[in-house]
Amino acid sequence: MGQPLKQKVIKEYLLIIVGTTLLACAINLFFEKQDLVTGGVTGLAIAIKALSEPYFAGGIPLWLTNIALNIPLFLIGTMLRGKMFGAKTLFATFYLSFALYYTKFLPEIPADILLSSLFGGVLAGIGIGLVFIASATTGGTDLAASIIQHYFKHFPVGRTMMILDAVIIATGVFIFGPIKAMYAIISVYISGKVLDNMLEGINFSKAAYIISNKAEIIADEIMKKMDRGITGLNGRGMYTKQEKEILFCVVSQKEIFQLKEIVRDIDPRAFVIVGDVREVLGEGFIEHQ
C-alpha cells in the first residue's frame, strides 16, 4: 500500500471513529434520555429498550440491538457495494456499538425536549456526515439510503433517510406518544439538512450573470478591484436579435455587494442575475486536493 493511499485510509478510519462517537453522544445524551425515536436502527433500539424494560433490568442495551439488527443489513450492503465498502461499514457499525457503550457513562446534560431534539439533530447530522465522507455508513437507514443513492444519483441521501426514518418514527408514536414523535421528526429533519450540507458543501458562494453594453469595462473593473476571474459568454437577445456578451463571475457572499456596486456605477441599466452556489473548487476558493 503506497504512502498516500495509506494516509487516506487512516484518515477515513479516523473520520469514522469521530463520526460514530458524535452520533453515539447524540443518542445517549439527547435522544435516549428524552425517548426520541429518531429513526434508524438506533431509533428502533431505543423503542426496543423501552419495551423490554419490564422483562429485563434496564432493558436491552442500545449497543446490543444495534449489532443484532445491523448484521443482515451489512451482508446485503457488502454484496451490493463491494468488500472495501463493507469493511469500513463493518468497522463503523461495530464502533458505533462500542461508542454507544462508552458514551453512556458521560454526565447527563440538563436540557428540555426541544433543546435535546435540536442539538441532538445537529450532532447526529455531523456524525453521520463524517462517516459518509469516509465512504462508509453506520448501518441501518443510512446504509439503505447509501445503497439507494448508489443506484439513483439524483436522490439526496439526507432526504432518502428522512423518508425511511419516518416509518420507524411512526412506531415511536405507539410507544411514547405523538408529542415525542413530533420532536423526533424535528431531530430527523435537522440531521438530514446538516448531512446534506456536509456532503454537498457548506462553503456557499454567489454566481453572477451580467448583461450589459459595457461588458468590457465592467469586466476590467471587477478584475482590477476585486481580483476575481470573469468569463465572457456569447449570447443573443431574442427580442432585439442583437449579439450580447454575458459576463459570468463567482464571488464570496461578502463580495457580492461590491460587485453589484461596480456594475451599477458603470451601467445602471445592466441586467444582473445573482444565484447561490453550493461549493466552488479552484483558485481563490477551495483548492483541489
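The lining of the second largest cavity is made up of five nonpolar, two polar and two charged residues, where Asp, Glu, Lys and Arg count as charged, Ala, Val, Leu, Ile, Met, Phe, Trp, Tyr, Cys and Pro as nonpolar, and the others as polar. This is a predicted model, in which local features need pLDDT of at least 70 and side-chain atom pairs pLDDT 80 or more, while totals for chains, interfaces and linings use all residues. Residues are numbered from 1 along each chain, and side-chain values use heavy atoms, without hydrogens or water.

The residues around the second largest cavity are Asp 35, Val 37, Ile 169, Gly 172, Phe 176, Gly 177, Lys 180, Ala 181 and Ala 184, and the space inside is about 30 Å³. Helices H7 and H8 (DSSP runs of H or I, at least four residues) each contribute at least two residues to this lining.

Searching the whole structure gives two cavities of 30 Å³ or more, a cavity being a set of points on a 1 Å grid where a 1.4 Å probe fits but cannot get out, lined by residues with an atom within 4 Å of a point; its volume is the space filled by probe spheres on those points, joined across faces, edges and corners.

The largest cavity has a volume of about 260 Å³, and among its 26 lining residues, Gly 39, Thr 42, Ile 128, Met 161 and Asp 165 are the closest to its centre. At least two lining residues come from each of H1 (3-31), H2 (40-52), H5, H6, H7 (157-176) and H8 (178-200), with H8 giving the most, five residues. By type, this lining holds 11 nonpolar, 13 polar and two charged residues.

Notes
On a 1 Å grid over the protein atoms alone, a cavity is a set of points where a 1.4 Å probe fits but cannot get out, and a pocket is an open set with protein on both sides within 12 Å along at least five of seven lines; lining residues have an atom within 4 Å of a point.
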